[in-house]
Every structure is written in structure tokens, then in C-alpha cells.
Amino acid sequence: MSDSLEPTTLQDRLERLQELTEFTEKCKKQINDIFEALGWSQDYKNSNREPMEQCPYDPDHMVPVRSMEKHKASCKLRKMGYSAEEQAKMFDPSVCYENTSVRSFIMDKSTQHQVILQARSAAPMMRMEGVFWQGQYSGEPVDVPQNHKRAVCDLTVADRLALYDHVVGALNQQKEALSNNEDLYVDLVSKLQKDEEQNEPKTKLELMAEMRDYKRRRQSYRAKNVHITKKSYTEVIREVISVHSEELARQWREEQDEEESMRSEQSSHGRRADERRSTSSESRHSHSKRHRSRERSHERESKKKKSRKERDSRSPDDHHHHHHDKKKKKKKKKEEKEK
């Protein structure tokens with residue numbers, strides 16, 4: 001078995017060695033090409049590699065020093081549970097307020113928890129209407145929310161109100177401190193000197209400089225009202241008279257309009273009074289008609305009642321006699337007609 005594995009001749013051994021050397025040379029060439037394409041060096045000690053630093057949030061992350069701050073911000077958010085989509089929507093607003101007078105307040109986890117505990121201790125123990133009680137505040141420390149969704153989910157309404165009051169109070173204190181410092185650092189001496197210089201009369205050189213600057217200005221800038229300065233006295237007086245006449249005409253029109261409005265109001269009042277009188281007379285007439293019709297109907301009813309009473313009061317013999325008289329009268333009428 002051992003004899004079959006060994007090469008049979010020296011020539012076979014040399015050929016195998018040649019193949020191995022060619023393969024190693026080929027692999028070295030490929031590795032060198034890759035290093036050249038990436039700009040790397042095979043000597044690790046003498047390379048110009050950037051210094052690396054370990055991430056404080058994840059020890060497995062080795063990051064270059066120049067990008068450590070950016071990596072720490074993203075890694076911290078990732079550890080807090082923010083997804084890549086949420087991180088893409090976030091931005092640092094402090095860049096917008098660098099050269100402005102807008103004040104900002106940075107909230108950390110310990111300050112947030114302390115503010116919530118203070119508000120909770122000041123709240124009543126039992127439930128009350130219109131006031132947050134202690135059960136509505138969160139007892140355990142929570143990470144500072146970085147977006148609106150986390151603020152609503154992680155903090156209660158009472159927590160958010162307490163944090164808002166704290167931030168507003170802190171910013172007002174900063175504003176008062178800045179105003180006090182500005183009052184202290186006002187240079188009263190220079191201010192008094194400027195006021196004195198303004199009250200002093202101008203020297204000859206200052207007057208000459210002002211005249212020189214005035215002459216350097218353009219004609220359009222010096223006298224924009226040329227159409228007024230070049231007019232004659234009569235033209236100016238005519239314009240004044242026209243202005244006054246227009247004003248008087250306007251006042252006269254206003255007085256006429258007021259008189260017309262007064263007349264129209266008086267006429268409208270007279271018409272309304274006439275209408276009221278006519279309506280009152282018509283109502284009286286209709287009322288009298290109704291009264292008369294009621295009286296007539298009452299008289300008719302009374303007559304009918306009397307006739308009914310008379311019929312009821314008659315005896316049956318009278319009724320029979322009355323019927324017999326009617327028959328006689330009818331016979332007489334027929335006889336007269338036949339004749």
C-alpha cells in the first residue's frame with residue numbers, strides 16, 4: 001500500500017513540484033491584483049491604515065476615528081429599538097438654530113426622570129377631576145423619545161405636560177439671565193460720548209464733506225419731485241384751488257346723501273304708519289262683520305228652538321185638527337184651479 005502512494009520515478013516528482021509552484025505563483029498574482037485594486041498593502045505594520053476605535057455601545061464594532069461620532073449616534077438609536085426607516089426620518093434641528101437667537105434645551109434621561117418624579121410628588125394621592133394624580137405618572141425611568149411616536153407610547157399625558165412646563169420655565173430663566181447681562185454690559189460712557197458729539201455743531205470740514213457727497217448723488221435721487229419744483233406760482237395756486245374745490249364738492253355730496261337718507265327714512269316711517277292704520281281699520285271692520293254674523297246665527301238658533309218648543313207643547317188633537325185644516329185648504333185650491 002505504501003509503495004503504491006510513493007511516486008514511481010524522479011521525473012514524476014519534478015513534474016508535481018512544477019505544478020505546485022505554478023499554482024502558488026498564480027495565487028500570489030491574484031492576491032497582488034486585489035490589493036492593488038483596493039489600495040491596500042501586504043505589510044500590515046508599514047501600511048497607512050486609519051486608526052480604529054471600539055464602539056462604546058457594541059464592543060464588536062471597530063470603527064475609524066473620523067466616523068466614530070456618526071456611528072455612535074446610529075448605534076445608540078439601534079440599541080434603543082429604532083429601525084433604519086425611523087432613523088432616516090430623524091434629523092438634528094440644532095443646525096437650523098446655529099446663527100439665530102432661538103434658544104434650545106437638551107433633555108437627557110436622568111433630567112427627564114427627575115422632572116417626572118418631582119411632578120408626581122407634587123400631585124395628589126387620590127383621583128381628582130381636572131388634576132393629574134400620582135397614578136397617571138410613570139414611575140420607572142424611560143429613554144428620551146426621539147420622535148413623536150415614541151413620545152406618545154413611552155410617556156403619559158401627565159409626563160409630557162410636566163416636561164413641557166419644565167422646558168418652558170428653563171428657557172424663561174435663560175431669557176431673563178441674558179437680558180440682565182445685556183443691561184450690565186452696556187457701555188454707558190461711549191453712549192454719552194455719542195450723544196455729546198451729535199449735539200455739537202458741525203465743523204467746516206464736515207460741512208464740505210456733506211456738500212461733496214450731495215453733489216455726487218444722482219439727479220433722480222436728489223430731486224425726485226422735479227414736476228413740483230419747476231412749476232410756476234400760478235400753476236401751484238391752481239392746483240391748490242382745485243384740491244380745495246374737490247374737497248368742498250365731496251363734503252357737499254356727503255351732506256346731500258345724508259339729507260336724502262333722512263327723507264327716505266321719514267317717508268318709510270309714514271308709509272309704515274299708514275299701513276298700520278289701514279290694517280287696524282280692516283281688522284276692526286272684519287271684527288264687526290264677524291260680530292254681526294254671530295248675532296244673526298244666534299237669533300236663527302233661538303227662533304228654531306222656539307218653533308220646536310211650540311210644536312212640542314201642542315196636544316195631539318190640535319195636531320190632528322191642524323192637519324185636517326191643511327187638507328181642506330188643498331181641496332179648495334184644486335177646486336179653484338179646476339174652475
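**Contacts, surface and salt bridges of the predicted model**

Of the contacts in the chain between residues at least 6 apart in sequence, 39% join residues at least 24 apart. The model is predicted. The chain has 13 helices and two strands. Of its 339 residues, 9% count as buried. The accessible surface of the chain comes to about 31,400 Å². Carbon and sulfur atoms account for 52% of that surface.

A nonpolar patch lies on the surface, formed by Ile34, Leu38 and Trp40. Together these residues have about 360 Å² of accessible area. Trp40 sits in the loop between helix H2 (10-38) and strand E1 (52-54). Trp40 is exposed, because its relative accessible area is 59%, and the cut-off for exposed is over 50%.

The structure holds zero aromatic pairs. A charge does lie over a ring: Arg150 is over the face of Tyr82, at 4.1 Å from the ring centre.

Four salt bridges are present. One of them joins Lys72 and Glu69, with the closest N and O atoms 3.6 Å apart. Both residues lie in helix H3 (residues 68-80), three residues apart, about one turn of the helix. Lys72 is partly exposed at 23% relative accessibility, whereas Glu69 is exposed at 59%.

Helix H12 (residues 233-313) holds Arg250 and Glu247, three residues apart. Their salt bridge brings the closest N and O atoms to 2.2 Å. Arg250 also forms a salt bridge with Glu254, at 2.7 Å between the closest N and O atoms. Glu254 and Arg250 are four residues apart in helix H12, so about one helical turn separates them. Shared partners join Glu247, Arg250 and Glu254 into one network of salt bridges.

Conventions. Residues numbered from 1 in each chain as written. Predicted model: local features only at pLDDT ≥ 70, side-chain atom pairs only at ≥ 80, totals over all residues. Heavy atoms only, no water. Phe/Tyr/Trp six-rings, centres within 6.5 Å; stacked < 30°, edge-to-face > 60°. Lys NZ or Arg CZ within 6 Å of the ring centre and 35° of its normal. Patch = residues over 30% accessible without salt bridge, like charges linked within 9 Å, V, L, I, M, F, W, Y side chains within 5 Å. Areas by Shrake-Rupley, 256 points an atom, 1.4 Å probe, with all protein chains shown as cover. Salt bridge = Lys/Arg side-chain N within 4 Å of Asp/Glu carboxyl O. Buried < 20%, exposed > 50% of the residue type's maximum accessible area, 1.4 Å probe, protein only. Contact = heavy atoms within 4.5 Å.
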